[in-house]
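Dear colleague,

I am handing over the structure below, and I would be grateful if you could look through it before reading my notes, which follow directly after it.

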Amino acid sequence: MRLITKSIFLVLITFSLFSCGCKPTDQKDFPQEIAAVYFQRQNAGQDKSNQVLDFFIELKNPIKEGMFLDTIYFRHEQAKLEMKSEKVFVAHFYPNQAQQDFILDSDSLKEYGNKAPVIVPPKFDLKPTEAVLEYKLKTKTFYYKIAGVKEKPIIVHP
């Protein structure tokens, strides 16, 4: 009986230790002060399929040494952040161009070649004005939820 109790206890300890390392680390406070977070659409021409969404993060001070802003998750999509200056980072969300033609026919045998769409669930459940910032501090990855993302007027390129 004592052996069974020890083995159950050992299994519970093992599972609890393994589950700690797999969870993403959510941060309540960002280590830098953020001046502004907004997104802006850019339209090249009349077609809406050419519309690019640019997501901006502006910091009050230059980014700290050992810190790297990696990815932004916004509206069920994700994009890598690029450093525009010491204080400004931008991510570009491009429209999905991979639209596949489907064969629709009253005879279901003619529709045989259609592939089922691949639906990937989003990594985070966010409201339309929320985003999640993935950043690295030295070697550890953190996630910071940003609320109240504002939209700036669209830029139209002829």
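Leaving aside residues up to four places away in sequence, Val-37 touches Phe-55, Phe-56, Ile-146, Val-149 and Lys-150, where a contact means heavy atoms within 4.5 Å. Please bear in mind that this is a predicted model, in which local features need pLDDT of at least 70 and side-chain atom pairs count only at pLDDT 80 or more, while totals for chains, interfaces and linings use all residues. Residues are numbered from 1 along each chain as its sequence is written, and side-chain values use heavy atoms, with hydrogens and water left out.

Val-37 lies in strand β2, which covers residues 34-44 (strands are DSSP runs of E, at least two residues, and helices are runs of H or I, at least four, numbered from the N terminus). Its relative accessible area is 13%, so Val-37 is buried, a word that stands for under 20% with a 1.4 Å probe, protein chains only. The C-alpha atoms of Val-37 and Phe-89 are 9.8 Å apart, although 52 residues separate the two along the chain.

Thr-71, in strand β4 (residues 67-74), is likewise buried, at 5% relative accessibility. Among the residues that Thr-71 touches are Gln-78, Leu-81 and Val-132.

As for the whole chain, there are 1 helix and 9 strands, and the order from the N terminus is α-β-β-β-β-β-β-β-β-β. Of its 158 residues, 27% count as buried.

Methods: Buried < 20%, exposed > 50% of the residue type's maximum accessible area, 1.4 Å probe, protein only.
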